Amino acid sequence: MRIVGHNLCKLPRPAAVRLLAAIAAFGAIQLWGIPAAFAQGAGACARFLPGSAITPPPDLFSSSGVLKLNLSYQTALDPNGNTLFCYVLPDGQQSPTLHVKPGDRLQITLTNDTPNSTSSTAMQMQMSAASGSTCGAATMNDSSTNIHYHGTNTPPTCHQDEVIFTMINSGQSFTYDLPFPADEPAGLYWYHPHIHGLAEAAVQGGASGAIVVDGIENLQPKVAGLPQQLLIVRDNQVPGAPSGPSVPAWDISLNYVPIPFPNYPPAIIQMPAKQKQFWRVLNACAGTILDLQLLYDGKPQQLKIVALDGVPTGSQEGTRRGKIVNAKHILVPTAGRAEFIVVGPKRKVSSAILVTRAVNTGPDGDLDPARPIATIQTVATVGAARAMAIPAVSGPANKQRFEGLANAQVTANRKLIFSEFSTDPGDPNEGSVEFFITVDGQPRVLFDPNNPPAIITKQGSVEDWVVENRSLESHEFHIHQIHFLLLERNGKPVPKKEQQFLDTVDVPFWTRGQPFPNVKVRMDFRGPDIGDFVYHCHILEHEDGGMMATIRVNP
C-alpha cells in the first residue's frame, strides 16, 4: 500500500537486503555478449544504458528431452544504489531463456553466490529437519533464495516446483529436476525467486527469466515462420525515492534497458518496415501493472493475441487449434504474459511507439502512469540473433491440459477475500499494513509456511472460486501449479473472447459505497499435481506482507 505517486510507504525491507547491497562488489563483465562499455555499472548484474536497442537474452534449448544447466544467483549495486539480483550462466551471460517441449525435463543446478548472511537471528520462516518438510536449508536467513517456475503445471514437490519450504542459502547448491507434462500448453512462462518476505526485493532486483514451451506453431499456425521478439518488462526502485503526484511507484525497464523517471527515455525495438512479427511480452514486474498499446503516429494498432499466460487463446475448446483475439490494448497484470502478432510501421510513419497506458490501481494503490516502453526503429534487416523465427508447423497439436473444463461438472464453490489493515493508523507512511487473502468464513491470518492449508480438495475436482477485493487498491490473484478459466467479472459473464485460461488475474480496487469488485474463475484440479502449494496476490509487496495461503490437493 502506498500513497498515490509516492513510494516511501513500503513495508520494512529485511535488514539483510540492505546488507547485501552494502557489500556487493563490482567487476568488469559482459552482458549477453555486449561489451561492458554499453552497459551501466559493473558486476554480474550490469544493465544497459537508457535508450539502448534491446537485445534478447541467450536462448538455451532442450536436447533429447532434457535441458540441463548451471546457474549462479548473484547480487550487486547499480550506479543509483539500487540492489540488483541476477541469474548468471557459467559464461557470464544473464537470465537465459529456457526452451523446453511438452514432456521434457528441466534440470537446473542453482548455486547461491550472494554474500553470507550477517543476521544474528533467523527470519520469518523457521523449519526443523525433523518436521519432514525441509527442502534444502532448514532455516531461512537474509541470503535465502529458490526458484518458482511460474505458470508451469509441474509438481509442487521438493526439487521440482516447491516454494513453501525450499531454501538455498549462501554458498549452497541445489538441483531442480522439473518434469513438464506431455499436455503442457505451448507458450510463455517464467522463473523467479519465491522466498516469502524476500520475493519483492529479488524480483525488483532483476532476478527473472523466461521459459518457453516450444510448439506454439502447431496450435496457432499463423505464427509459423514469424520473427519473434521476447520483451521482458521489469520494475525497480526510483532512484532517490522522490515524492510528488507524478512520480511513479516504480521505474521500469525493457530487457534490462532502463526507462527512468522523469523523462522516460524509451528503449529501442528494431524491425523492418511492415514486417509481421510475433511479440512475446512478460510482465516480470513486482508491482507494476501494464496496459500495452502500440501507437503509430498516435493511432492504436491492432494486436492479434495468440496466447495469454502461456496458453494459446481458444486452444482448450476441443479442437486444439488456437483462435486469434483482436485488441487495441492488453492489460497485463504483474506476472502475466501476452503473446501477439504485430505489423511493423510503414517508413512514412514518423512516430512508432510501444506504451503502457495509465492504470488506476485505487486510492491506496501504486501510481502506474502512462509512459513509453520502446520506440520502433525501422531497419533494413534484423539479425537472426535479434529476431529468431518461429519454426514451421511440425505436426498436429498435442493433447491440451485444460480441455473440457468449461463444461466440466463443478464439485465445489468457494469465496476468497482480499483485505488489508493498518496496525498503526497513525503511521504517516502506512508502513505497518497487514495483507490477507481469506476463505470466506475463516479467520484472517497472515501467511506462515507452518499454517495448515486454508483449502483442502481432491485431485479430479473442478471448483468455481469468486475472488473479491475489499480493499482500496488493486490485487492480482495468482495460483501455482494450475491455470483457471475466467468466467465472470462482478457477477456478469465476461465476453467470450475474454473467457481464457490464466494463472494471474487483476481484481480491481473497491470504491467506498459500491459493491466489492470480484472475479469468478473455474479451477482445474484434474491434472496430476497433488500436494501443498500456494495462491496469493502477485503484487509481491502484498505477498511478502502476508497475502498468501496454502491449498492441499489430496490424491
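I count a residue as buried when its relative accessible area is under 20%. By that cut-off Asp503, at 0% relative accessibility, is buried. One caution before going on: this is a predicted model.

**Entry: confidence**
I looked up pLDDT and found an average of 90 for the protein chain, with 88% of the residues scoring at least 70.

**Entry: overall make-up**
I found 4 helices and 41 strands in the protein chain. Of its 555 residues, 60% count as buried. I also checked contacts between residues at least 6 apart in sequence: 76% of them join residues at least 24 apart. The chain exposes about 19,800 Å², and carbon and sulfur atoms supply 54% of that.

**Entry: salt bridges**
My search of the whole structure gave 16 salt bridges. I started with Asp503, whose side chain meets that of Arg337 at 2.8 Å, N to O. Asp503 sits in the loop between strands S37 and S38, and Arg337 in strand S25, so this pair links parts of the chain 166 residues apart. Arg337 is buried too, with a relative accessible area of 2%. I then noted that Asp309 joins Arg337 and Asp503 in a network of salt bridges.

Next came Arg280 and Glu339, with their closest N and O atoms 2.7 Å apart. Arg280 belongs to strand S18 and Glu339 to strand S25, so the bridge ties together parts 59 residues apart in sequence. Arg280 is buried at 2% relative accessible area, and Glu339 is buried at 0%.

I also looked at Asp524 and Arg526, which form a salt bridge at 2.7 Å, N to O. Here Asp524 is buried at 0%, whereas Arg526 is partly exposed at 31%.

**Entry: nonpolar cores**
Which residues touch the most other members of the largest nonpolar core? Of its 65 residues, they are Leu254, Trp279, Phe340, Trp465, Phe477 and Tyr535.

**Entry: Ser143**
I finished in the loop between strands S8 and S9, where Ser143 lies. Ser143 is buried, at 3% relative accessibility. A polar atom of its side chain lies 2.9 Å from the backbone nitrogen of Ser170. Beyond four places in sequence, Ser143 also touches residues including Asn112, Pro115 and Ile168.

Terms used. Residues are numbered from 1 along each chain as its sequence is written. This is a predicted model: local features need pLDDT of at least 70, side-chain atom pairs count only at pLDDT 80 or more; totals for chains, interfaces and linings use all residues. Side-chain values use heavy atoms; hydrogens and water are left out. A nonpolar core is a set of buried Ala, Val, Leu, Ile, Met, Phe, Trp, Tyr and Cys residues joined through side-chain atoms within 4.5 Å. Buried means under 20% relative accessible area, exposed over 50%, partly exposed in between (1.4 Å probe, protein chains only). Helices (H or I, at least four residues) and strands (E, at least two) are DSSP runs, numbered from the N terminus. Contact means heavy atoms within 4.5 Å. Accessible areas come from the Shrake-Rupley method with a 1.4 Å probe; for residues, only the protein chains shown count as cover. A polar contact is a pair of N or O atoms within 3.5 Å; within protein, one must be able to donate a hydrogen and the other to accept it, and residues adjacent in sequence count only if both atoms are side-chain atoms. pLDDT is the predictor's confidence in each residue, from 0 to 100. A salt bridge is a side-chain nitrogen of Lys or Arg within 4 Å of a carboxyl oxygen of Asp or Glu.
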